[in-house]
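Subject: Model handover

Hello,

Here is the model for you to look over. My notes follow below it.

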Amino acid sequence: MEWFTRSMEEKRPIHCTDSLRLRPSQAAVPVATESIAEPMPKYECQRITRLKHHNHRFTTALALLEEHAGYLQSGKQDSRALAFRKAACSLKALHHPLTNIEEARKLPHIGRHSLEVIQDILEDGFSREVQDICDGDFYETMQLFTGIFGVGATTARKWYETGFRTLDDIRNDSTLSLKRDQKIGLDLYQDLNTPVSLAEADIIQDLVNSEVQKLQPGATVVLTGGFRRGKTEGHDVDLLISHPTEGKETGLLSAVLARLRGKDLLAYETMSANTYDPSSVSKKEYTLDHFERCFSIFKLDKSLISSTQNAKPTSESPAGVVQQGTSNPDRPHQGEEVSLERAGGTASFSEGDKTAEKTWVGRRVDLIIAPASQYAYALVGWTGSKHFNRSLRLYADHERNMKLTSHVLYDTVKHQYLPASSEEDVFHHLQLPYREPAERNC
Ligand code: DCT
Ligand code: MG
């Protein structure tokens, strides 16, 4: 489903104004003196990639180009998006600021196009291509429309090609029949485009956990996704639910949802059943997983979060990049930066009139249920990053003849599943040095 693609795969858009003000990072990241001469490993999962790094001025531009390529949406463009991501990942893992193009050429996965962008930034301080994208209205409009919950790049692009440019264009067009999730996406546009803070995520985790414990004492509710990797803001809250005794997680999700519903804490929910088929492990697929799950929008009471509002720029912020929207310096969120003119103006948000009465803020929450035997793999998968996962799976396949999913690891030579009771076990099976979640930010 398209909204799945949007909610799972698309991250915070890059704000053009920030990208045009790119300047060398002044973030206080220590420059490593040792191992500079060592070649960078090919797979991202072999490297340490932290949120703070030395090359934000390049990676922010590459992230914008990745996002733009994703908006263009064709098989070819997808591979272009991936090429920008891989180049950015290599720069993020570099132990020092890049100062010359020859060094960039020696890094893995920096293709010709990315090299040109890097060279422009090295020479002129900005990328002409990024500026051109920002000067047009395609990227900005696509950011606006894909910011609507339930709207992916395909729909957004169709709307753009029809001539729509603002949220009011969408709201006021009687020929469009919006789906349920898209309607709520428009209603809660402001809420869902304001980043979720770590404090809010903790509150939601506590709310869910207290219901879970009443139903199944001893069950675990772990905050995963970007927050587990050290981000202090994100686009959603990813909660992985399990129980140390296999089978005790069965039926838990429906029961928890019933309780949350009873407390009027859910503005939207859609559940998917567990579709895990162990024989599918040998199939080449990059679907995240087949766990039972619920994608929801929580009603988070404003009184609980008043102290967590107004995220401030942090010391992580690279110079010239506004950090209102995310703790990931390469992924500034449009959040409050959404052009009000484009969005229809504060007064004409369809959420508008309701805002005064609404005592809650809508927050995207994913609840995932994993049985104990698959928990370690689920934890690795749901911690991410998405690109780290991709790299782990490729590494397992190409270097170890193993198939890795968020459910299992399968040795295709010995024809056996490798049980894991911790993330360390997973890395050990793959003969990789263990990487802390904060080191998986590629
Ligand atoms: N994931 C993945 N493949 C996908 C989508 C997600 O492997 N196609 C994994 C990586 C992270 C985790 O699932 C949660 O996904 P998101 O919430 O989309 O990512 P995030 O890193 O938590 O980003 P954000 O902080 O914006 O929520
Ligand atoms: Mg997340």
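Two strands pair if DSSP finds at least two bridges between them. Helices (H or I, at least four residues) and strands (E, at least two) are DSSP runs, numbered from the N terminus. On that basis, E6 and E7 pair in the antiparallel sense over ten bridges.

Some housekeeping. This is a predicted model: local features need pLDDT of at least 70, side-chain atom pairs count only at pLDDT 80 or more, and totals for chains, interfaces and linings use all residues. Residues are numbered from 1 along each chain as its sequence is written, while chains are lettered from A and ligands numbered from 1 in the order in which they are written.

Overall picture

The chain has 21 helices and ten strands. Of its 442 residues, 47% count as buried. A residue is buried if 20 or more other C-beta atoms lie within 10 Å of its own, exposed if 12 or fewer, and partly exposed in between; C-beta atoms are placed from the backbone. Two residues are in contact if their C-beta atoms, placed the same way, lie within 7 Å. Of the contacts with a separation of 6 or more, 74% join residues 24 or more positions apart.

The sheet

Five strands form an open, mixed sheet in the order E2-E4-E7-E6-E5. Its edge strands are E2 (220-223) and E5 (266-272), each pairing on one side only. From one strand to the next, the twist averages 25 degrees.

Now the individual pairs. E2 and E4 (residues 237-242) run antiparallel and are joined by four bridges. Leu223 has Leu239 in E4 as its bridge partner. E5 and E6 are also antiparallel, with six bridges. There, Met271 is partnered by Cys294 in E6. Arg293 stands opposite Ile368 in E7.

E6 is largely enclosed by the rest of the structure, because nine of its ten residues are buried.

Helix H15 (residues 252-262) lies across E4, E5, E6 (292-301) and E7 (360-369). H15 runs at about 165 degrees to E5. Axes are lines fitted to C-alpha atoms, for helices over the stretch in contact, and angles run from 0 to 180 degrees between N-to-C directions.

A helix pair

How do H3 and H7 cross, and at roughly what angle? The axes of H3 (residues 56-72) and H7 (residues 128-135) come within 10 Å and cross at roughly 50 degrees. The two helices are therefore oblique to each other. (Angles under 35 degrees count as roughly parallel, over 145 as roughly antiparallel, 65 to 115 as roughly perpendicular and the rest as oblique.) In H3, Ala61, Leu64, Leu65 and His68 meet Glu129, Val130 and Ile133 in H7.

H19 (residues 375-383) is mostly covered: nine of its nine residues are buried. Among them are Tyr375, Tyr377 and Trp382. Just after H19, Gly384 takes a positive phi of about 75 degrees.

His387 is found in H20 (residues 386-400). Is His387 buried or partly exposed? It counts as partly exposed, because it has 19 C-beta neighbours inside 10 Å. Not counting residues up to four places away in sequence, His387 touches Glu44, Arg85, Cys89 and Cys442.

Best wishes
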